[in-house]
Every structure is written in structure tokens, then in C-alpha cells.
Amino acid sequence: MDVFENFENQLKANPKTIVFTEGTDARILSAASKLLAGKILNVLLLGNPEAVKKAAAEGGFDITGAEICDPTSYPEFDAMVAKMVELRKGKMTEEQCRAALSKSNYFGTMLVKMGKADCLLGGATYSTADTVRPALQLIKCKLGIKSVSSCFIMVRGDEKLAMGDCAINIDPSEDEIVESTVETAHTAEIFGIDPKVALLSYSTKGSGKGGTVALSHDATIKAQEMDPELAVDGELQFDAAVAPEVAQVKCKGSKVAGQANTFIFPNIEAGNIGYKIAQRLGGFAAYGPILQGLNAPINDLSRGCNADEVYKMSLITACQS
């Protein structure tokens, strides 16, 4: 059984409700029809009901059983506006909140905040920032976490790896790397990975100086303090992290080196390049970016995604809740 079959079985036993912010998009409708047919998730599509039904009919997608919700005619819209004004604590006026909630990204996020849905998936037609911003403002970070991060799960046959942060924090601070490390390990566990976490660098245990070496080294120490049970080591070069023969020479005795399966990059440049090399040259399928650190699962789609990627990201998002 692969990881996505396992997710399907989990969700059938404990159904969740997912919000799709772009209810007329063919890729969303295709994924929604498959989720509904398999009785895997309850589906809430945002948009004008007639427009959503027309798009589904034109694409041949059966969305029977889906709830369709139009922000412009939502009966509890005023209560939602009042709640958002309260959450924003003077940072947005009632008029500004009303305008924001007329947009599906804010409206859908507020549905999750108010318990009308368990999770949200969006971004098929708009930017990552437009998904993350409402989440930060309304869902906010988990207790003890101050930053949102992301990871990609890389799959090649039975092999699974986790890589973070490849999409959110451009030049992360030491504390942001620490939080990303712990949260990426938790995401890895959702996929059945027993995380052995390597904080990557161009240096192994002080072999190099400058740049991000001290950042990765110091973040490793703090990550161990934050989660004493976590198997984590750094700073490690990639070969020392994955090749036992190199680890034996460079960092003998490490519980991670030579067998790492969860990788933390020092910045977004390294992370984005790294996961795409694994994807394009290593033959790994890349699932993500999976957002981490929020009080409820909110995930972002690539605007170049296909229907299968939407379907699988739906399963991932629901299994985070």
C-alpha cells in the first residue's frame, strides 16, 4: 500500500471537510469529483453556485454531494465580518474586513477558523502570498511557534524524503530554522518517515567557516533543546548526511549522518535548488509546498499543478488536521 492509499483509508474512517477556494477551476473540480466518489472527504467549493455547476458539467465532473458556497450570499457573512474585525484587533476596519472576505482566499480561511471546515487548499490561480497572508492573519501559528515554514515530501518508489524550507522563508533566522526543523520532522512522520534530520551546509562539523555554517550549527543545538527526542545533527554536508562511508570519516558516531532522510536547508535558494535537482535528476516526485506551523491545515497549490497533484495535496492537507 502506498502512502496515498494509506491516507485515503485514514480519511474514509475519519472524514474531514476541505475548502477549495477556486470552485470553477477544472483541476479542482476533477479532484473534488474523485474525493466525493470515493467518499474520502467532504467537499466545500467556493464560488457562484450556477458558475460552479456549469463548469463541472462542461468538464464532465460529478460533484454530487459537494457543498457550494458563495461569499456574496453567505447567510452568516455579517457574523464572519465581526469575527475578522475582532481577530485583526484594530489592524483592519470593518469595511476592510468586509472587502477582504468577499475574496475566496479570505472567506475560505475564515470558514476554517470558524470551524465550518477542517482545512483549505487554494492557490491554483493565485500566488502563495495570497494563501499564506490570510492564514497568518486569521488562523495564526500554533502555540510555541512564531513562524510558518514549508517542506516538500519527495517520493521515489518506496523511498521517501522530507526537505525544508524550500518555499516560504527566504533568509531564515536561527529561530526560524529551528522551528522549521521540528515542524518538518513532524510532517515527515505523517508520511511514515522516521525522521533523521540533517541541517545542511557546505561544512561538516567545522570543516568550513563563514556563510551559514554557524547558523546551521547553532540551530542544530537549539532544535535538540526544543525536541530532545528528535534525531538531528548538523552542520553536515550532503554527502556526510546520506553516505555512510563519508559519515564514517567526517562524523563518526553520529546518529543521523550517513542515514539522513529529512533535510533542512540554510535558506530558500539552497532548498528550492535542492528539491528540484532531486525531482528532475533524481526522479523523485515532489509533493508540496506543505505549510507548517499553523493552527489548522492551509496549503498552497502551484499555478502549474494538474488534477492529480490537487487530489494528492487534498489528501495531505486533510491528514494534517
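**Helix packing and salt bridges in a predicted model**

Biologist: How is the crossing of H8 and H9 handed, left or right?

Modeller: The crossing of H8 and H9 is right-handed. Please bear in mind throughout that this is a predicted model.

Biologist: What describes two packed helices in general?

Modeller: Two packed helices are described by the distance between their axes and by the angle between those axes. In this structure, helix H8 spans residues 174–190 and helix H9 spans residues 213–226. Their axes come within 9 Å and cross at roughly 50°.

Biologist: Which residues make the contact?

Modeller: H8 contributes Glu 174, Asp 175, Ile 177, Val 178, Glu 179, Thr 181 and Val 182. From H9 come Leu 215, Asp 218, Ala 219, Lys 222, Ala 223 and Met 226.

Biologist: With which residue does Glu 174 form a salt bridge?

Modeller: The partner of Glu 174 is Lys 222, and the closest N and O atoms are 3.0 Å apart. Because Glu 174 lies in helix H8 and Lys 222 in helix H9, the pair ties together parts that are 48 residues apart in sequence. Lys 222 also forms a salt bridge with Asp 175, with 3.1 Å between the closest N and O atoms. Asp 175 lies in helix H8, so this second pair ties together parts 47 residues apart in sequence.

Biologist: Where do Lys 312 and Asp 308 lie?

Modeller: Both lie in helix H13, residues 307–319, and they are 4 residues apart, about one turn of the helix. Lys 312 forms a salt bridge with Asp 308, the closest N and O atoms being 3.2 Å apart. Lys 312 counts as buried, with 18% relative accessibility, whereas Asp 308 is partly exposed at 37%.

Biologist: How many salt bridges does the structure hold?

Modeller: The structure holds 14 salt bridges, including that of Glu 174 with Lys 222.

Key: Residues are numbered from 1 along each chain as its sequence is written. This is a predicted model: local features need pLDDT of at least 70, side-chain atom pairs count only at pLDDT 80 or more; totals for chains, interfaces and linings use all residues. Side-chain values use heavy atoms; hydrogens and water are left out. Axes are lines fitted to C-alpha atoms, for helices over the stretch in contact, and angles run from 0 to 180 degrees between N-to-C directions. Helices (H or I, at least four residues) and strands (E, at least two) are DSSP runs, numbered from the N terminus. A crossing is left-handed if the near helix is turned anticlockwise from the far one by less than a right angle, and right-handed if clockwise. Contact means heavy atoms within 4.5 Å. A salt bridge is a side-chain nitrogen of Lys or Arg within 4 Å of a carboxyl oxygen of Asp or Glu. Buried means under 20% relative accessible area, exposed over 50%, partly exposed in between (1.4 Å probe, protein chains only).
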